[in-house]
Amino acid sequence: MATTPSAPPDRTPPTLHERALADLRFIRQTMEGAAAFTTLSGAGLVAIGLSALGAGFLAGSAPGPAWLRVWIVEAALALVVGVLATLAKTRTARLPLLAGPLRKFGLALAAPLLVGVVLTAALARAGFHAVLPGAWLMLYGSGLLAGGAFSIRLVPVMGACFLALGAATTLAPPALGPAALLLGFGGLHVVFGALVAWGHGG
Amino acid sequence: MAEPAARRRRTERPAAAAPALRGLKGEPGPDVVRELDALLHHRLRLGMVSALAAAESLAFNDLKGLLQASDGNLSVHARKLEDAGYVTCTKTFENRRPRTDYRLTTRGRQALGRYLGHMEAVIRAARDTLGR
């Protein structure tokens with residue numbers, strides 16, 4: 001039986017400059033990955049989680065829309081704690097703060113956070129307070145998922161948890177919103193922060 | 001009898017440089033081939049040195065996860081880098097569990113810098129050829 005001759009497999013060896021380009025790419029990726037191992041502060045995440053737990057209980061007892069003010073103050077506090085903890089860890093590891101994966105992580109996280117600020121103002125003005133918890137959780141989760149591409153694997157996993165919790169909160173009765181905020185910004189931060197601190201040097 | 005580290009290093013460098021480049025097309029030029037550090041031309045060892053150049057120190061498990069290497073493979077190549085004086089290794093206990101940390105030495109950092117220089121020279125030469 002006649003067979004159609006197939007093209008021989010492409011076994012052309014790489015040229016030296018192709019190998020050099022691949023090596024340089026590999027070095028860059030490895031260095032970025034290694035830096036990510038040391039810059040995320042697990043202790044900082046735990047501190048953010050604990051302060052969110054406090055804010056959650058405080059917001060629960062706050063009358064009317066005052067809960068919103070409590071969470072806005074908590075968000076600002078969490079931002080300061082996060083920046084300070086990252087600063088401390090990069091200083092210990094003697095790494096530049098605004099270089100490589102940390103910068104990319106910050107930029108990826110900043111976009112959904114900015115969207116969150118604008119949406120919060122617009123939705124609160126329109127009186128749609130019940131939508132806010134789900135929106136906050138989903139936006140923060142998507143920021144972590146995007147920024148997690150430049151960090152350790154735990155970060156995108158944490159982002160996915162926030163995203164799932166946010167989606168469930170959006171579809172659930174509005175009365176569950178405060179509990180979801182407590183579970184997400186409090187519980188998830190403490191759990192994942194402890195895992196990062198235990199496995200990745202503080 | 002175990003081969004002394006110094007002798008192993010001497011035989012590794014020039015001898016392994018040629019096989020590492022075998023199978024590559026192009027005209028690398030005798031100087032580039034001769035000067036390429038065979039220790040760093042291995043992908044896993046290059047990865048270890050690159051990772052340690054970015055982080056002050058990394059634990060064995062961090063390196064293993066980062067480079068997707070097996071325990072045995074990573075140990076063997078870490079030992080070669082240690083023998084060459086490119087990395088140092090510290091063994092401690094953390095919560096009663098043994099922990100091994102690696103750091104890049106000045107010699108290792110210089111070797112990586114030289115290797116990067118060679119790779120850049122190869123790419124520059126290829127670009128010049130294309131430009132003609």
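What percentage of the 132 residues in chain B is made up of buried residues? In this predicted model, buried residues account for 29% of chain B. In chain A, which has 202 residues, the buried share is 40%.

Chain A contains 7 helices and 0 strands, and its elements follow one another from the N terminus as α-α-α-α-α-α-α. Chain B has 7 helices and 3 strands, arranged along the sequence in the pattern α-α-α-α-β-α-α-β-β-α. Contacts across the sequence can also be described for each chain. Of the contacts in chain A with a separation of 6 or more, 74% are between residues 24 or more positions apart. In chain B, among contacts between residues at least 6 apart in sequence, 55% join residues at least 24 apart.

Within chain A, a pair of helices deserves attention. Two packed helices are described by the angle between their axes and the distance between the axes. Helix 6 of chain A spans residues 154-171 and helix 7 of chain A spans residues 177-199; they pack at an angle of about 170°, and their axes are 11 Å apart. Angles over 145 degrees count as roughly antiparallel, and helix 6 and helix 7 of chain A are therefore roughly antiparallel to each other. On the side of helix 6 of chain A, the contact involves Leu154(A), Met158(A), Cys161(A), Phe162(A), Leu165(A) and Thr169(A). Their counterparts in helix 7 of chain A include Gly177(A), Ala180(A), Leu183(A), Leu188(A) and Phe192(A). Sorted by class, the residues of this contact are 11 nonpolar and 3 polar, with no charged residues.

Helix 5 of chain A, residues 132-147, contains Leu139(A). This residue counts as buried because it has 22 C-beta neighbours inside 10 Å, where 20 or more are required. Leaving aside residues up to four places away in sequence, Leu139(A) touches Pro112(A), Val115(A) and Gly116(A). Gly116(A) is 23 residues from Leu139(A) along the chain, and their C-alpha atoms are separated by 6.6 Å.

When residues up to four places away in sequence are not counted, Thr30(A) touches Gly47(B), Ser50(B), Ala51(B) and Leu66(B).

Helix 4 of chain B covers residues 43-54. Its 12 residues should span 16 Å at 1.5 Å a residue, and its end C-alpha atoms are 17 Å apart, which agrees. Since 9 of these 12 residues are buried, helix 4 of chain B is largely enclosed by the rest of the structure. Its buried residues include Gly47(B), Ser50(B) and Ala51(B), together with Arg45(B).

Helix 6 of chain B, residues 71-83, has 13 residues and reaches 18 Å from its first C-alpha to its last, close to the 18 Å expected at 1.5 Å a residue. Its buried residues are Leu74(B), His77(B), Ala78(B), Lys80(B) and Leu81(B). These cover an arc of only 155° around the axis, which puts them on the same side of helix 6 of chain B. On the other side of this helix, Asp71(B) and Gly72(B) are exposed. Just after helix 6 of chain B, Gly85(B) takes a positive phi of about 80°.

Note on methods:
Residues are numbered from 1 along each chain as its sequence is written. Chains are lettered from A and ligands numbered from 1 in the order in which they are written. This is a predicted model: local features need pLDDT of at least 70, side-chain atom pairs count only at pLDDT 80 or more; totals for chains, interfaces and linings use all residues. Axes are lines fitted to C-alpha atoms, for helices over the stretch in contact, and angles run from 0 to 180 degrees between N-to-C directions. Helices (H or I, at least four residues) and strands (E, at least two) are DSSP runs, numbered from the N terminus. Angles under 35 degrees count as roughly parallel, over 145 as roughly antiparallel, 65 to 115 as roughly perpendicular and the rest as oblique. Two residues are in contact if their C-beta atoms, placed from the backbone, lie within 7 Å. Ala, Val, Leu, Ile, Met, Phe, Trp, Tyr, Cys and Pro count as nonpolar, Asp, Glu, Lys and Arg as charged, and the others, Gly among them, as polar. The expected span of a helix is 1.5 Å times one less than its number of residues. The arc is that of the directions from the helix axis to the C-beta atoms.
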